[in-house]
Each structure stands twice: as structure tokens, then as C-alpha cells.
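Welcome, and thanks for taking a look at this one. Below you will find the sequence and the structure, followed by a short briefing grouped by topic.

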Amino acid sequence: MSIILECNSLTKAFGKKRALSDISLNIEKGKIIGLLGPNGSGKTTFIKLLNGLLTPTSGEIRVSGIQPGIETKKIISYLPEKTYLNDWMRVHQIIELFCDFYEDFKPEKAYDMLKRLNINSNDRLKTMSKGTKEKVQLILVMSREAELYLLDEPIGGVDPAARDYILETIINNYSANSSIIISTHLISDIEKVLDHVIFIKDGQLVLTSSVDEIREENGKSVDGLFKEVFKC
Amino acid sequence: MLKKLLKYEVQATSRIILPLYAALISLAIVNRVISSIPILTWHAPQIISMIIYNMILIGMFIMTFVMMIQRFYKNLLSDEGYLMFTLPIKSWMHIASKLLISMMWMVTSGIVALISIFIIAFDIIITKEFLHASVVFIGDFFRYFGPLSGLFIFEILLVGVVGLASMVLMIYASIAIGHLFNRHKILASVGSYIVLTTISQILFIIMAVISSYLPTPRHLSIANDLHGVEPIIHYVLWFVIIFSGILTSGYFILTNYILSKRLNLE
């Protein structure tokens with residue numbers, strides 16, 4: 001099995017504050033991975049390091065054996081936790097932009113999903129609600145045939161009906177070659193789709209394990225274990 | 001890839017700047033029409049339209065400048081940077097596309113301003129005289145400088161282009177340095193700008209002093225007509241071109257290093 005994600009004593013500090021310290025892990029290809037932890041545990045920092053939006057303070061990170069750069073950006077499809085699209089563009093213009101820059105972007109997939117979620121491709125992002133913007137971003141991200149999808153809080157701001165559709169979309173797009181990392185604290189909603197989980201707390205790696213192992217060894221659901229590990 | 005980036009850069013900037021150009025030209029026409037109507041007793045419309053015209057003119061130049069900063073800062077180093085820096089594109093292309101389009105708008109704004117002034121002041125007789133004088137001047141110019149006229153024009157254009165690029169890139173470099181700070185990024189950018197300006201000026205003075213001791217141009221400084229001074233003009237122009245060129249490359253390399261190796265988007 002080849003490795004999609006590899007970290008060696010990865011550390012990221014902002015000034016004196018350590019957002020991530022000494023994370024080492026290897027993840028195999030072809031899995032849906034839950035990156036779980038309470039607010040402020042370093043989930044977003046971890047994902048941004050994978051994307052090259054942040055530079056590690058020390059240690060290293062490799063995606064498919066390569067350090068973050070042009071080659072990893074070609075194979076990573078990233079959904080940030082904030083709106084990164086400028087509000088004056090129309091949806092179809094953004095789709096054209098993605099077509100222009102990502103070779104693996106499939107516009108027909110995007111238009112199909114827009115139709116399913118009743119979003120007009122002529123609308124400007126300015127006129128959309130926060131939830132609709134999040135849906136547009138998720139559609140863009142899932143319309144790529146990437147090797148690694150990084151989804152930072154993909155279901156946080158959308159209504160339950162759309163949440164189900166989104167999870168369905170994520171699973172349907174998932175092929176044997178691709179891997180998905182989903183960061184969230186809403187575990188019960190996504191537990192059924194996860195193969196592997198990474199627990200982080202205060203920037204430290206608490207646990208990395210397959211979901212089956214958790215169920216066998218602890219006799220607990222991931223949600224149950226999460227509540228136990230992160231008990232306040 | 002650079003071509004595609006340039007396309008999106010033009011798309012993002014033209015929607016702001018083109019309406020301003022249209023407003024300026026329209027106001028120039030309005031001014032022209034109003035001033036040609038012989039109202040002797042009441043000057044208010046002329047004065048008001050002239051004030052609005054001037055405001056738009058100033059606003060256009062300010063906007064051209066603000067847009068240059070804003071496109072770099074907002075599109076690359078704020079939330080929009082999440083998209084720009086996850087595109088599979090080298091960071092020097094982002095800098096180059098922003099630089100080229102900013103320079104393009106600066107030149108265009110200057111041209112549009114001249115056109116609007118021309119519309120307001122257009123007068124057949126004066127224009128004829130002006131054109132005549134220009135033809136005479138250009139003729140004189142070529143006669144005077146002979147085969148070197150082309151070189152002269154080339155040098156002056158180069159000074160303009162390099163000067164503009166160095167101004168823009170110095171601002172980009174300052175913003176990039178400010179980005180390295182964990183807090184007070186804008187304040188740090190302003191501080192970096194002051195430091196960079198000071199360093200550039202000190203370097204310029206040092207270079208100027210050193211070059212004044214170089215043997216070549218010295219015997220020329222006693223010349224007392226234009227032909228005698230000509231080599232000195234070339235010498236000074238090339239000094240400015242090479243000096244600004246080196247600084248410009250320095251700013252570019254610095255900005256690119258920070259964006260590619262020290263990126264930390266919040």
C-alpha cells in the first residue's frame with residue numbers, strides 16, 4: 001500500500017504559541033480519514049500545512065511522497081473553512097477559473113451538482129447566503145478528480161438536508177485511488193463514512209487508528225471514544 | 001499559465017477602473033459642452049462640472065494606486081489567497097501578473113487623463129499649432145541626435161518602465177515583509193516601506209558617489225553645448241536604468257522568496 005500522507009515531527013508555532021507539536025504519522029491511500037479534535041486543537045493548521053498555505057516551523061510533511069508545492073497542489077482538492085471566493089464573480093466564471101487552472105476539474109460534474117442543489121450558475125456570490133456559498137465551494141472542490149481531498153469543516157454551516165447530500169457526494173466521488181481527510185467536531189454525522197481517525201488535542205497527536213480497531217478494541221463508537229478522550 | 005493569470009487579473013481590475021475612465025471622459029465632454037454654451041450671467045454649472053471633473057481625475061489616480069496595493073494584499077494575502085495559493089502556479093507568476101497589470105493601468109490612467117484634458121481644451125487653431133510645433137520638435141530632435149535618436153528614446157522608455165516596476169515592487173516587497181510578522185502586519189508593512197526607501201536612497205547616493213570617481217565621463221563634464229553633454233545624458237540614463245533594474249530584481253526576488261518559502265496565511 002502506498003502512503004498518501006506522511007509527517008515527521010511536524011511542528012508549527014505562531015510566535016510562542018505552539019499550534020502543532022511533534023506530529024508524526026503515515027496514512028495509506030484510499031481511505032476516508034476523520035481529523036477530529038475540539039475547537040482550537042490544530043485541525044485547520046494541520047490542513048493548511050498540507051496545502052502549503054503555512055510553512056512548518058520544524059519537521060516535514062509529504063503528500064504522496066512530495067513536499068507541498070506545485071506538484072502537490074495539482075493533486076490536492078482543498079475546501080477551506082472560510083469563504084475564499086471573491087464576491088463579485090458569478091458561479092460560472094469561477095467554474096471557468098477552476099477549468100483553466102486544474103486539469104482534473106470536471107465542469108459537467110459541477111453543473112450537475114449545482115442543478116441538484118438549485119443554485120443558479122449566473123448568480124453572483126455576493127447575493128448568496130453563507131450556506132449557499134459553502135455549497136458552491138464544496139461543489140467546486142468535489143468536481144475535481146483529485147488524489148487527496150482536504151475538507152475543513154465541510155458540514156459546519158449547512159442545513160441537515162444539504163448535509164446528507166454533501167456526505168453522499170463525498171462518498172460517491174471517492175474512488176479507490178483517492179483519499180479524503182475531513183476535519184470536524186460533528187462526529188456522529190460522519191462517523192459512518194470514516195475508515196480511519198486522527199485525534200488531536202492542543203496540537204498533540206492523541207490517537208491514530210482505523211475505525212474498525214476502535215470498535216474492536218474499545219467496544220465503542222468513534223463518537224463515544226471522542227467524548228471520553230476529550231472529556232472536559 | 002501566466003497568460004491565464006493575466007486574463008483573470010484584467011477581469012478583476014477592469015470592472016473597477018473602466019467605469020472611472022468612462023466617467024472621466026463623460027465629465028470632460030460635459031465640461032466641454034457646458035463651457036461652449038454662452039451663459040454670461042450664471043457660472044455655477046461650469047464651476048460645478050469642473051469641480052466634479054477634477055474630483056474624478058484625482059480619484060482615478062488614487063484608485064489606480066489603491067488597486068495596485070489592494071490586488072496584491074487582498075487577492076494573495078487575505079482569504080482570497082487560500083484559492084490563489086492552492087492553484088498549481090508558481091508564486092513568481094502571481095507577482096508578475098499583478099505587477100504587469102498594475103503597470104498597464106498606471107500608463108492607461110495617464111493616457112486617459114491626457115485625452116480628457118484634450119477634450120476639454122480642444123481648439124482647432126491651438127491644436128494645429130501644437131501639432132505643428134510637435135512635428136518641428138520631433139524633426140529637430142532627430143536631426144540633433146542623428147543615428148542615436150532611437151537609442152535615446154529607448155533609454156527614456158526604459159527609465160519609465162523600470163522606474164514604474166521598481167515603485168510597484170518596492171510596495172509589494174514591503175507588504176510581503178509585513179506579512180512575516182505575527183501581529184501588526186500593516187504597521188510592519190509601512191515600516192518596511194520606509195526602511196526599503198531609505199536603503200534604496202543610501203545605495204543610490206553611494207553608487208552615484210562611486211560612479212563620479214570613475215574615469216570615463218570626467219573629461220566630458222566640461223562640455224558646454226548639447227552635443228558635448230550628450231554622452232553624459234546617456235551615461236546618467238544607463239546609470240539610472242541599471243541601478244533601478246538591480247533594485248527592482250532585488251524586490252522581486254525578496255517578494256517571491258517570502259511568498260514561496262515563508263507563506264503563512266491566517
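Reading along the sequence, chain B runs α-α-α-α-α-α-α-α. That amounts to 8 helices and 0 strands. Please keep in mind that this is a predicted model, with an ipTM of 0.91 and a pTM of 0.91.

**Confidence and overall shape of chain B**

- The mean pLDDT of chain B is 90, and 93% of its residues score at least 70.
- The radius of gyration of chain B is 23 Å, whereas a compact globule of 266 residues would come out near 18 Å.
- Buried residues make up 24% of the 266 residues in chain B.
- Taking contacts in chain B between residues at least 6 apart in sequence, 76% of them join residues at least 24 apart.

- Chain B splits into domain 1, residues 1-122, and domain 2, residues 126-266.
- Between the C-alpha centres of domain 1 and domain 2 of chain B there are 24 Å.
- Where the two domains of chain B touch, 17 residues of domain 1 are in contact with 16 residues of domain 2.
- On the domain 1 side of that contact in chain B, the elements giving two or more residues are α2 (44-77), α3 (81-84) and α4 (91-121).
- Of these, α4(B) supplies the largest share of the domain 1 side, with 8 residues.
- What is the make-up of this domain 1 side by class? It has 13 nonpolar and 4 polar residues, and no charged ones.

**A closer look at B:L6**

- B:L6 sits in helix α1 of chain B, which covers residues 2-36.
- Is B:L6 buried, exposed or partly exposed? B:L6 counts as partly exposed because it has 17 C-beta neighbours inside 10 Å, while a buried residue needs 20 or more and an exposed one has 12 or fewer.
- Setting aside neighbours within four places in sequence, B:L6 is in contact with B:S97, B:L100 and B:I101.
- From B:L6 to B:V240 the C-alpha to C-alpha distance is 29 Å, and the two are 234 residues apart in sequence.

**An annotated stretch of chain A**

- According to an unreviewed UniProt entry, residues 5-227 of chain A carry the annotation "domain: ABC transporter".
- Over residues 5-227, chain A is 36% helix and 27% strand.
- The end C-alpha atoms of residues 5-227 of chain A are 26 Å apart.

Notes. Residues numbered from 1 in each chain as written. Chains lettered and ligands numbered in written order. Predicted model: local features only at pLDDT ≥ 70, side-chain atom pairs only at ≥ 80, totals over all residues. UniProt positions renumbered as here; feature names shortened; annotations may be inferred. Helix = DSSP H or I, 4+ residues; strand = E, 2+ residues; numbered from the N terminus. Contact = placed C-beta atoms within 7 Å. pLDDT = per-residue confidence, 0-100. Domains from an automatic or database assignment. Nonpolar A, V, L, I, M, F, W, Y, C, P; charged D, E, K, R; others polar. Rg over C-alpha atoms; globule rule 2.2 N^0.38 Å.
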